[in-house]
Amino acid sequence: MRVVSGIQPTGNLHLGNYLGAIRNWVKMQDEMEEGSECLFFLADLHAISMPHDPAELRSGTLEMVAALVACGIDPSRSVLFNQAQVPAHTELQWLLNGTARMGWLNRMTQFKDKSGKNREGSSVALFTYPVLQAADVLLYQATHVPVGDDQKQHLELARDIAQKFNNDFCTEDAPVFTLPDPIVPPEAARIMSLRDGSAKMSKSDPSEMSRINLVDDADTIMKKVKKAKSDADALPSEEKGLEGRPEAQNLVTIYAAVTGESVDQVLGRFGGEGFGKFKPALGEVLVETLAPISERFRDLKSDRESLDAILARGAAKAREIGRPTIDKTYHALGLVRG
């Protein structure tokens, strides 16, 4: 079993990033059986399909490496790298562009969403990046790819490209590409702003009090939780009592997500209590979980040499794993390489 997954290298990471994606990667790594492996990459090449600030992309990539390692990704057990250090990603994308079809890409809903009414003004990279996504996983003969609802269509495209390439250029008993199967991760908790329970926790919110950042120390975490927006009513004893109370719902959801309990289990313990008691308890579980991560993250973030070394080692391993696929693809296409 070989799992391949990528993540956009955003900076200013917060609790929502950790609970929504990073924690699932750590769980996959820790549950891998002997002989199986995980490849996790930072999708910096995908980032340039949209307008971006080069300095922010560079710092965000390094921050993401620090965050992943601080949260539990072990570079000695998983292959951790960024796309830009493995040219085979874009090399394979070009080779697969001859197999991918315009009609397939025209059906991709994310291109429609991101380009909006300005399709003609969008970059070519935004239109073709699903082919790069296909290359990302086919390069490593991935057997499984974690996908959320927004990425199922792209994995289906990768399978279509792989199947057509194998049919067009390979014998039935010697296909070049493995068709990857989806892994649907456990549903991630939807973490909302501490200032507005109807808005997602986001790094773009101008208020620092709206989010718990991975760089926050214990005192800052506790302060933000105590000042988080709530309401005057006591907590209910079961989940349906949170309907119409977005801030209360959010704080209880965070507690449940961090501890691994269900919302009803949390309310079974705190039902009837006010936020004067619940918020300090929430702050304590957050500090217990995040303080070690935050400390490790701050240390790593300032150690550029270590971050560069982690990415370099991971990229070298990724290049080694991907090289046979690239060689087979060139050969199957009849391209002369000497």
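Predicted model: local features only at pLDDT ≥ 70, side-chain atom pairs only at ≥ 80, totals over all residues.
Me: What else describes the chain as a whole, in burial, contacts, surface and charge?

Reply: Of the 338 residues, 46% count as buried, and residues 24 or more positions apart account for 74% of the contacts with a separation of 6 or more. The chain exposes about 16,500 Å², with carbon and sulfur atoms supplying 49% of that area. There are 39 positive and 47 negative side chains, and the centres of these two sets lie 3 Å apart.

Me: Why is strand β2 called largely enclosed by the rest of the structure?

Reply: Buried means under 20% relative accessible area, and 5 of the 6 residues of β2 are buried, so the strand is largely enclosed by the rest of the structure. Strand β2 (residues 37-42) is joined to β3 by 4 bridges, and the two run parallel, with Phe-81 of β3 as the bridge partner of Phe-41. Strand β2 also pairs with β1 in the parallel sense, over 6 bridges, and there Ile-7 stands opposite Leu-42 in β2.

Me: Which residues of strand β3 point one way and which the other, and are they buried or exposed?

Reply: In a regular strand the side chains alternate between the two faces of the sheet. In β3 (residues 79-82), Val-79 and Phe-81 point one way while Leu-80 and Asn-82 point the other way, and all of them are buried.

Me: Why is Ser-78 called buried?

Reply: The term requires a relative accessible area under 20%, and the value for Ser-78 is 4%, so Ser-78 is buried. Ser-78 is placed in the loop between α3 (54-71) and β3, and, leaving aside residues up to four places away in sequence, Ser-78 touches Gln-29, Cys-38, Phe-40 and Ile-73. Ser-78 and Met-32 are 46 residues apart in sequence and 9.8 Å apart in space, C-alpha to C-alpha.

Me: How do you know that Thr-329 is buried?

Reply: Thr-329 has a relative accessible area of 0%, and since the cut-off for buried is under 20%, Thr-329 is buried. Thr-329 lies in helix α13 (residues 304-333) and, not counting residues up to four places away in sequence, touches Leu-92, Leu-95, Phe-165, Val-176 and Phe-177. From Thr-329 to Thr-109, which are 220 residues apart in sequence, the C-alpha to C-alpha separation is 28 Å.

Me: What makes Lys-226 and Lys-277 partly exposed?

Reply: Buried is under 20% and exposed is over 50%, with partly exposed in between; Lys-226 has a relative accessible area of 49% and is therefore partly exposed, and Lys-277, at 48% relative accessibility, therefore counts as partly exposed as well. Lys-226 is found in helix α9 (residues 218-226) and touches Lys-279 and Pro-280, residues up to four places away in sequence not being counted, whereas Lys-277 has its place in helix α12 (residues 275-301). The C-alpha atoms of Lys-226 and Asn-167, 59 residues apart along the chain, are separated by 60 Å, and those of Lys-277 and Glu-156, 121 residues apart along the chain, by 48 Å.

Note on methods
Residues numbered from 1 in each chain as written. Heavy atoms only, no water. Buried < 20%, exposed > 50% of the residue type's maximum accessible area, 1.4 Å probe, protein only. Contact = heavy atoms within 4.5 Å. Areas by Shrake-Rupley, 256 points an atom, 1.4 Å probe, with all protein chains shown as cover. Lys, Arg positive; Asp, Glu negative; His and termini not counted. Charge placed at Lys NZ, Arg CZ, Asp CG, Glu CD. Pairing = 2+ DSSP bridges.
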